[in-house]
Structures are given as structure tokens and as C-alpha cells.
Number of protein chains: 2
Amino acid sequence: MRKIAESTVRRLSLYLRFLEEFEEQGIATVSSDALALRGGTTSAQVRKDLSFFGSFGKRGLGYAVPELAGRLREILGLGREYRVVLLGAGKIGSALVQYRGFQKRGFTIVAIFDVDPGKVGKRWNGLTVSSVSQLESELKGQHIDIGVLVTPAEAAQELADRLVALGIKAILNFAPVQLAVPDDVSVKNVNLALELEALSYALTNR
Amino acid sequence: MRKIAESTVRRLSLYLRFLEEFEEQGIATVSSDALALRGGTTSAQVRKDLSFFGSFGKRGLGYAVPELAGRLREILGLGREYRVVLLGAGKIGSALVQYRGFQKRGFTIVAIFDVDPGKVGKRWNGLTVSSVSQLESELKGQHIDIGVLVTPAEAAQELADRLVALGIKAILNFAPVQLAVPDDVSVKNVNLALELEALSYALTNR
DNA sequence: CTAATTTTGTGAATCATTTCACAAAGCCCA
DNA sequence: TGGGCTTTGTGAAATGATTCACAAAATTAG
């Protein structure tokens with residue numbers, strides 16, 4: 001498939017969220033204009049985004065809400081369950097374990113690891129925290145889709161390498177470092193410092 | 001000043017982080033190529049990014065590490081303290097309060113609010129959690145730079161409106177909603193669901 | 001059934017960002 | 001001191017993303 005821009009994919013996620021809202025409200029069809037309004041973009045943008053994947057609307061009418069939602073889930077690959085391991089049982093890790101949106105979208109945490117012996121053995125939401133030294137032995141033979149790094153900056157690259165060695169192709173990285181990984185591994189960064197600095201810039205240059 | 005792209009600002013933040021690493025290692029000068037290598041970009045990109053703000057390098061030599069770091073801090077507005085209020089005393093909120101990177105860059109949490117009466121009155125890192133109904137009365141007369149929303153989706157827009165009414169011009173939003181705010185207010189979103197779905201897309205379409 | 005209206009889907013045009021490529025500047029070594 | 005080497009800064013070119021604008025399709029009203 002033709003290369004799709006990151007920004008397009010992110011908007012598709014947003015559209016899906018809006019469609020689910022509309023669905024809850026019992027709205028059956030929606031125009032590109034209504035979607036755009038809800039998402040702070042333009043109707044042309046919405047139609048262009050969708051057009052990369054097919055044509056899902058009816059001229060003169062708009063899009064059938066449940067159908068388009070289904071198509072977007074398909075496009076985004078949300079039909080299935082993703083098995084996730086969490087590296088780091090700190091505060092953010094614990095917030096993630098409890099986050100319902102995680103489970104709701106089919107992302108299931110199947111293992112948690114930490115270096116701290118004080119945390120190893122603790123039970124978290126039905127899972128036992130394991131020592132990170134057991135990473136390879138515990139995950140051996142299991143298929144894992146996504147690794148979530150919630151560790152200090154210093155530990156992140158080494159753990160990323162180990163995840164890659166285990167065959168994991170997607171990493172969500174909360175550590176404030178730029179990870180080096182092979183081309184076929186996707187990394188998304190959640191970097192608080194970066195967001196704050198972008199706000200700082202915006203506040204300073206107005 | 002000419003409008004600077006969001007992507008440029010984010011890269012400047014990254015460069016600053018790398019420069020700080022280099023500084024720690026006692027490296028005195030760095031070329032655009034070395035910076036690019038560290039950040040996974042190109043030397044032309046680095047030079048172009050910097051060129052929007054001036055010319056900070058020496059031809060044939062590169063950039064003086066401490067000087068460029070200083071300039072970037074200036075550009076990003078990191079010379080001063082930012083006063084931050086936290087709305088939502090849940091797990092993520094508590095992780096943020098303890099996050100040292102926050103304080104280190106000059107972002108000081110000066111107040112925490114929550115709706116839950118069970119949380120109000122608790123002491124967190126030297127701050128007492130207040131009832132969100134006291135938001136206006138407690139912040140009246142104080143200057144606040146940044147509001148951080150760590151609330152359920154349903155509560156976020158109303159609280160954003162109240163922050164805006166208090167004159168706050170920058171919001172960091174962890175709630176999975178698209179906030180509507182006036183043009184002169186900057187919002188940065190940290191949306192976990194979006195990141196996961198982008199990974200899901202990447203895993204699906206390879 | 002026809003005309004007016006709505007809304008999609010999409011090339012073409014515009015706008016934005018990145019990459020190229022090279023002259024100018026300054027370093028370093030002999 | 002001079003020549004070779006390195007590296008910046010920056011217009012110009014290339015690439016990428018968004019917006020425009022309109023024909024085609026479908027709806028709705030009369």
C-alpha cells in the first residue's frame with residue numbers, strides 16, 4: 001500500500017473516536033463537514049484522508065456512522081487483540097495497567113517487569129511483577145505485539161534492544177530518550193518534557 | 001517572528017537534550033552532522049532549524065556545546081520558572097508530581113485539584129489537594145502559566161474553559177478529547193489511545 | 001418526473017517542509 | 001603563510017501535505 005502520512009493515521013484515530021460518540025447519540029449518518037467540525041479540521045481533509053483507503057460515503061448523504069467506524073477499525077488494525085508487555089512498574093506503569101481505554105481497544109497487558117527487587121513479586125491487577133532479568137525466559141515462545149517502556153532514560157535503550165531481539169515490532173516509549181531500533185520496528189514516543197518545552201516556546205513567542 | 005513549524009520546535013528540544021548529554025561528557029564542540037546522527041535526522045535539517053533563529057556555529061569547526069545549549073534554552077523560553085496547576089489527582093497526576101524532569105526544567109506545580117472528596121485534603125509532595133470547586137477562589141490573583149488536565153474525558157472541556165477564563169494560555173491535556181479553546185491558547189495533547197492505534201496501524205500495514 | 005440541493009471523491013493548485021548543493025568562512029598542518 | 005580540509009549558512013529544488021474547486025452522484029421536494 002502507498003505510504004500514508006503519520007498525520008493522516010492520527011486523524012483517522014480521531015475520526016473513529018468521534019464516530020463512536022455519534023453512534024452513542026444514535027446518529028446514523030454524518031457528513032465530512034460534521035466530522036471536520038468536531039475534529040477541528042476541514043471537510044476536504046476528512047475526505048482526502050478517507051480517500052487513501054477507498055470511498056466509503058454516499059454522495060448527497062454522507063457516511064453511515066457504524067459502517068465507517070467499522071472500516072476505520074479495520075484500517076487501523078483494531079479488530080484483534082494486541083499482547084503488550086510493560087517494562088517498568090513505577091507510577092506511570094501502574095497508571096497504564098489500570099487505564100481502561102487500554103483494554104477496551106484490545107490492548108492486553110500480559111506481563112510486567114521491573115528491576116527493583118522490592119517490586120518483583122507484587123501483584124498488579126491480576127499480574128505478578130517479574131524481574132527484568134527473567135524477560136527472555138518468561139517471554140520465550142510467547143508472541144508479544146507491543147513493548148511499553150516506562151523506565152528511567154538510562155535503562156531504555158538496553159531494554160529496547162532486548163525487546164527487538166525477542167522479535168517485538170512495536171514499542172511505546174515513555175523514557176525521554178531517542179531509541180535506536182531497526183527500520184522494521186515502529187516506535188512512538190510519549191515525551192512529557194518535549195510537550196512542556198513546546199508550550200514554553202508557545203508562551204515565550206507570541 | 002516568522003512562524004516556526006511545530007516539528008522544528010520539537011527538534012530544537014531534542015537537540016537541547018543531546019547537547020546536555022554532550023556537555024556532561026565534556027565535549028566542547030559538535031558539528032551539525034554529529035547532532036543529526038544522535039537525533040536520527042540530517043545535518044541539513046539541523047542547520048536549517050537553527051538558521052531560523054540566527055547563526056550560532058563556526059564554519060570548519062561546528063557549534064560550541066554550552067553556547068548552543070544556552071541559545072536553545074533562550075529560544076525555547078526555558079530561562080524562567082513556569083507555574084503549573086494540576087487538575088486531577090489520579091494515578092497519572094501523582095506520577096507527574098513526582099517526576100523530577102518537571103522541576104528540573106523549571107516547571108513548578110503550585111496547586112493540585114480534584115473532585116473526589118476522598119482525595120481533597122491529602123498532602124502530595126508538599127502540596128494539599130484542593131477541591132476543584134475552589135479552583136477560581138484559590139487561583140484568584142495568582143499568575144499561572146500552564147494547566148495540566150489529567151481528568152476523565154467528560155470533565156476535560158469544562159475545566160479547560162475554566163482555565164481559559166482564569167487567563168491561562170497553555171494547557172497540557174492528557175484526557176482523550178479534542179479541546180476547543182480560543183486561538184491564543186496553546187494546547188498540547190498526550191493521547192495514549194492515539195499512540196497505541198498508530199502502533200496498531202503500523203503493525204497491521206507492513 | 002424534474003429541478004434544486006446536498007455531499008462525495010479527486011485532480012490540480014497552493015502552501016509547507018525537507019533535502020540538495022555549493023560558496024564562504026575558518027580551522028589545521030606543513 | 002598558504003593550501004587543503006571541514007563545516008556552516010542558505011538560496012534553490014524537490015518532495016510532501018493541505019486546500020481548492022468542481023463534476024458526478026445521490027437525495028429531497030414539488
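Predicted model: local features only at pLDDT ≥ 70, side-chain atom pairs only at ≥ 80, totals over all residues.
In which sense do strand β3 (residues 82-87) of chain B and β7(B) pair, and over how many bridges? The two strands run in the parallel sense, joined by four bridges.

**Around β7 of chain B**

One bridge to pick out by eye links B:L86 with its partner B:V148 in β7(B). β7(B) also has a parallel neighbour in strand β8 (residues 170-173) of chain B, again through four bridges. There, B:L149 has B:N173 of β8(B) as its bridge partner. Between β7(B) and β8(B) comes helix α8 (residues 153-165) of chain B, and the three elements form a right-handed β-α-β unit.

In a regular strand, side chains alternate between the two faces of the sheet. Strand β7 (residues 146-149) of chain B is covered on both faces: B:I146 and B:V148 are buried on one side, and B:G147 and B:L149 are buried on the other.

**Where chains A and B meet**

Moving on to the contact between the chains, we find 44 residues from chain A and 44 residues from chain B. On the side of chain A that touches chain B, α1 (6-24), α5 (91-98), β8 (170-173), β9 (186-189) and α9 (192-204) of chain A each give at least two residues. The largest share of that side, 13 residues, belongs to α9(A).

**The surface near DNA strand D**

Both chains contribute here. Of the 28 residues around DNA strand D, those that come nearest are A:A5, A:G60, B:S55, B:G57 and B:G60. Two or more residues each come from α1 and α3 (43-51) of chain A and from α2 (32-39) and α3 (43-51) of chain B. α3(B) provides the largest share of this surface, with six residues.

The table sets out the make-up of the two surfaces by residue class.

Notes
Residues numbered from 1 in each chain as written. Chains lettered and ligands numbered in written order. Contact = placed C-beta atoms within 7 Å. Near = placed C-beta within 6 Å. Buried ≥ 20, exposed ≤ 12 C-beta atoms within 10 Å, placed from the backbone. Pairing = 2+ DSSP bridges. Right-handed = clockwise from strand over helix to strand, strands pointing away.
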